[in-house]
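Study the sequence and the structure before reading each solution.

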Amino acid sequence: MTLAVIGGTGFGAFAGLAEVQDHRIETPYGSAEVQTGKLNGRSLIFLPRHGMPARKLPHLINYRANLKALEKLGATQVLAVTAVGTVDPALLVPSLVVPNQLIDYTHGRDLSFFEDEIHHIDFTEPYDPGLRLGILRAVDQVTGDYPDLVVAREGVYGCTQGPRLETAAEIRRLFRDGCTIVGMTAMPEAALAREMGMPYAGISVTVNPGPGLAPGEVVLEDIEAAMDQGLAWVKAILLEFMAAAA
Ligand code: HPA
């Protein structure tokens with residue numbers, strides 16, 4: 001089993017990735033920037049979703065090249081770390097969500113590998129149940145060490161097109177639709193992984209109350225503080241997950 005993590009550009013270094021090698025992997029869909037290295041002595045593939053340095057907005061990410069590059073490097077499962085806003089007013093910031101469902105509000109993205117063949121993947125459960133279970137077991141192992149850690153064991157990820165944040169009315173609509181969190185990158189990533197038969201799961205860090213859920217505008221400095229806390233939790237869960245998979 002070789003785990004690949006797709007996450008924010010600094011997350012590999014933050015998580016303690018050692019013996020890092022930078023790769024530019026060519027695929028039929030374009031190239032991808034990927035790092036390989038060791039985390040606690042075990043091989044890990046890390047793909048900075050927004051590039052190195054971070055520069056690609058969510059709607060401009062080459063999701064197809066990214067997923068194919070991970071497969072080419074030997075990844076057998078993919079964990080997607082994402083920053084999200086809350087949609088369910090009951091969710092805390094920061095907290096973690098292990099989503100089990102999603103709703104796709106994106107448009108105009110390259111969302112399939114099938115171009116001259118009719119093929120419809122089953123996507124009833126967009127996140128791989130087995131990989132989710134492994135993540136939730138790791139969550140259970142680390143919760144004792146982090147008294148402030150709050151994890152929602154299920155969630156519905158609403159994937160918006162961005163790059164702008166949502167209006168307050170859009171957040172209310174997402175909640176009526178059944179979403180609990182909102183981000184911009186889960187799709188088409190999750191669907192492409194399914195097309196490849198690659199188990200894919202996510203951990204989302206809530207970094208801001210959804211627009212309109214708290215007074216005033218979304219403040220970037222607050223997002224950064226929540227992100228730092230959330231990623232420390234994700235790091236602990238990742239290390240535990242890898243140790244358990246050893
Ligand atoms: N909306 C969409 N994507 C996001 C948000 C948000 O409020 N916060 C972080 N990613």
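The model is predicted.

**Exercise 1.** State which residues line the second largest pocket, and give the classes of the lining.

*Solution.* Step 1: the lining consists of Tyr 105, Thr 160, Gln 161, Gly 162, Arg 164, Glu 166, Glu 170, Arg 173 and Leu 174. Step 2: by class, this lining has 2 nonpolar, 3 polar and 4 charged residues. Step 3: the volume of the second largest pocket is about 190 Å³.

**Exercise 2.** Describe the largest pocket by its volume, its lining residues and their classes.

*Solution.* Step 1: the largest pocket holds about 860 Å³ of space. Step 2: its lining comprises 35 residues, and those nearest the centre are His 50, Ala 83, Val 207, Ile 223 and Met 227. Step 3: β5 (77-86), β10 (181-183), β11 (200-209) and α6 (220-245) each give two or more residues to this lining. Step 4: the lining of the largest pocket contains 20 nonpolar, 10 polar and 5 charged residues.

**Exercise 3.** Determine how α3 and α6 are oriented relative to each other, and identify the residues that meet.

*Solution.* Step 1: helix α3 (residues 129-142) packs against α6 at an angle of about 110°, and the axes are 8 Å apart. Step 2: angles of 65 to 115 degrees count as roughly perpendicular, and therefore α3 is roughly perpendicular to α6. Step 3: the crossing of the two helices is right-handed. Step 4: from α3, Leu 131, Gly 134, Ile 135, Ala 138, Val 139, Gln 141 and Val 142 meet Ala 236, Ile 237, Glu 240 and Phe 241 of α6. Step 5: the residues of this contact divide into 8 nonpolar, 2 polar and 1 charged.

Key
Residues are numbered from 1 along each chain as its sequence is written. This is a predicted model: local features need pLDDT of at least 70, side-chain atom pairs count only at pLDDT 80 or more; totals for chains, interfaces and linings use all residues. Side-chain values use heavy atoms; hydrogens and water are left out. On a 1 Å grid over the protein atoms alone, a cavity is a set of points where a 1.4 Å probe fits but cannot get out, and a pocket is an open set with protein on both sides within 12 Å along at least five of seven lines; lining residues have an atom within 4 Å of a point. Grid points are joined across faces, edges and corners, and a volume is the space filled by probe spheres set on the points. Helices (H or I, at least four residues) and strands (E, at least two) are DSSP runs, numbered from the N terminus. Ala, Val, Leu, Ile, Met, Phe, Trp, Tyr, Cys and Pro count as nonpolar, Asp, Glu, Lys and Arg as charged, and the others, Gly among them, as polar. Axes are lines fitted to C-alpha atoms, for helices over the stretch in contact, and angles run from 0 to 180 degrees between N-to-C directions. Angles under 35 degrees count as roughly parallel, over 145 as roughly antiparallel, 65 to 115 as roughly perpendicular and the rest as oblique. A crossing is left-handed if the near helix is turned anticlockwise from the far one by less than a right angle, and right-handed if clockwise. Contact means heavy atoms within 4.5 Å.
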